[in-house]
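Here is a quick tour of some local features, written for someone who likes cut-offs spelled out. Have the structure open as you read.

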Amino acid sequence: MKKLCAFTISFLSLKFSLILCCLTEASCFWRIKNSEDSDGDLQRECHFYLWVIDKPIEDNFYNSVLNFRISASEYEFLLVMFFATDEINKNPYLLPNITLIFSIVGGHCHDLLRGLDQSYTQINGRVNFVNYFCYLDDSCNIGLTGPSWKKSLKLAMDSSIPMVFFGPFNPNLRDHDRLPHVHQVAPKDTHLSHGMVSLMFHFRWTWIGLVISDDDQGIQFLSDLREESQRHGICLAFVNMIPENMQIYMTRATIYDKQIMTSSAKVVIIYGEMNSTLEVSFRRWEDLGARRIWITTSQWDIILNKKEFTLNLFHGPITFAHHKVEIPKLRNFMQTMNTAKYPVDISHTILEWNYFNCSISKNSSKMDLFTSNNTLEWTALHNYDMAMSDEGYNLYNAVYVAAHTYHEHILQQVESQKKVEHNRYFTVCQQVSSLMKTRVFTNPVGELVNMKHRENQCTEYDIFIIWNFPQGLGLKLKIGSYIPCFPKSQQLHISDDLEWAMGGTSI
């Protein structure tokens, strides 16, 4: 009886959400929750290695290389790697007659990171870097690492190869003197605080709380937000600066909890990295029943397993994500990919990482096919879109950065008519890294990728809200956008249909 009741609520939630999607022209996606509990015994990757060869690879290459299971949360990255390398290898104008392949570092990743922690300790607040060993080779691998900058920094300290970080832009990886071979593909969030303040000003949210990581990046965000807030008459009810050290955090956790639970501020901005003490705080507040409008970045685009069901239109996190151009070929790749070639269980993939496009509700003839028995099955088999995370899209661009770098390096070798001879690996990698930091190209979906001044670009943001429903279902709805390069009166766009559904803008 309980199962029947739960399923009935889930189905009604599905119908309700499909109706909501019809209220707006903005993108609307279904998402199935990941089961983190079942991932505890799985090996997690550190990063990917890319390299090129001048011959085709065997169809079962990846089945022999990727011989371990990965967590569901990392399926997206693996699928992006399969798709991007396949797309590049079919492109006759990029790396012609050359095959781009990758491997994934796994198995003993945790042991590797633990060893690096012991080898590279911080001395007087600075990381103890080491010199590199060189050996003979005439090629150079490229590493793609992320989304955690801390793990990526550790890996970068133990490697001499060029590395592209596909996580959110982080100033800690910009030390070009100590990390000359580390490059970032993500744009810098220069205008993020402006976008968040514009959203709050639009909805007349003038009394807010702020929770940040107690690090340089968090302090910079606080400075930018405070200046912009004062300009718009928005007041900070409190500022929680969460220390990175877990032991220090635990001694103050109750203070932070009390501040959140007793404050009259109903809107709270969260800025910082996942998998940190900041995430621990957020989960504590959710368990304590804190009902707030959380405003944060796309890193926090998560569905909490224990979140209660609610029909409150503005009860759920609002996230700012870098605008991403849709990749139409990705859906076709997923539908036609050779699962004998790639070690991916397609049904498991759809369940563990996918956003189901619910805009089909606008087509009444298709809606007739929905029944209480086949709703999810029909959606998964017949109409789904891949909505990449910011990190997934960064990884897609990072693969192309590597491909264009290899392409230019090969052209330079041909033009200089060098004799085939062994060079020192470190020298070759220096050449590849130097070429990488100057790459400027247009990716297959028409977006300019500029590795020279990536952080200075005018970054456009999409604004989403996330609702949770029973049985692990979640609904993610695009409610607007923020484009800082437009005139001030046109920078923020919020869906008119959303405001009509809310009946106004006041909280």
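This is a predicted model: local features need pLDDT of at least 70, side-chain atom pairs count only at pLDDT 80 or more; totals for chains, interfaces and linings use all residues.

## A buried aromatic pair

Residues are numbered from 1 along each chain as its sequence is written, and side-chain values use heavy atoms, with hydrogens and water left out.

The structure has 17 aromatic pairs. The ring centres of Phe 203 and Trp 205 sit 4.9 Å apart with their planes at 20°, so this pair is stacked. For the criteria, rings of Phe, Tyr and Trp (its six-membered ring) pair if their centres lie within 6.5 Å; planes under 30 degrees apart count as stacked, over 60 as edge-to-face and the rest as tilted. Elsewhere, ring pairs tie Phe 48, Phe 61, Tyr 62, Phe 82 and Phe 102 into a cluster.

## The five-stranded sheet

Next up is an open sheet of five strands, ordered β3-β2-β6-β7-β8, with mixed pairing. The edges belong to β3 (99-104) and β8 (182-184); each has a single partner strand, so one side of each is left without a neighbour in the sheet. From one strand to the next, the twist averages 25°. Helices (H or I, at least four residues) and strands (E, at least two) are DSSP runs, numbered from the N terminus, and two strands pair if DSSP finds at least two bridges between them.

Inside the sheet, β2 (residues 47-53) and β6 (residues 142-145) pair in the antiparallel sense over four bridges. Leu 50 has Ile 142 as its bridge partner in β6.

## Helices on the sheet

Helix α3 (residues 75-89) packs on the sheet and touches β2, β3 and β6, with its direction at about 165° to that of β3. Helix α14 (residues 390-415) lies across β2, β3, β6 and β7 (163-165), and runs at about 30° to β2. Axes here are lines fitted to C-alpha atoms, for helices over the stretch in contact, and angles run from 0 to 180 degrees between N-to-C directions. Contact means heavy atoms within 4.5 Å.

## Around helix α9

Which residues of helix α9 (residues 277-287) are buried? They are Thr 277, Leu 278, Glu 279, Ser 281, Phe 282, Trp 285 and Glu 286. These buried residues pack against β9 (207-213), β10 (235-242), α8 (246-262), β11 (267-271) and β12 (293-297). Just after α9, Gly 289 takes a positive phi of about 85°.

## Two disulfides

There are two disulfides, each being a pair of cysteine sulfur atoms within 2.5 Å. One joins Cys 140 to Cys 429, S to S 2.0 Å. The torsion about its S-S bond is about 110°, so the Cys 140 and Cys 429 disulfide is right-handed. It links distant parts of the chain, 289 residues apart: Cys 140 is in the loop between β5 (126-127) and β6, Cys 429 in helix α15 (residues 425-436). Cys 140 and Cys 429 are buried.

The other joins Cys 458 to Cys 485, S to S 1.7 Å. Here the partners are 27 residues apart, with Cys 458 in the loop between β16 (448-450) and β17 (461-468), and Cys 485 in the loop between β18 (473-482) and β19 (492-494). Cys 458 has 31% relative accessibility, so it counts as partly exposed, while Cys 485, at 53%, counts as exposed.

Terms used
Buried means under 20% relative accessible area, exposed over 50%, partly exposed in between (1.4 Å probe, protein chains only).
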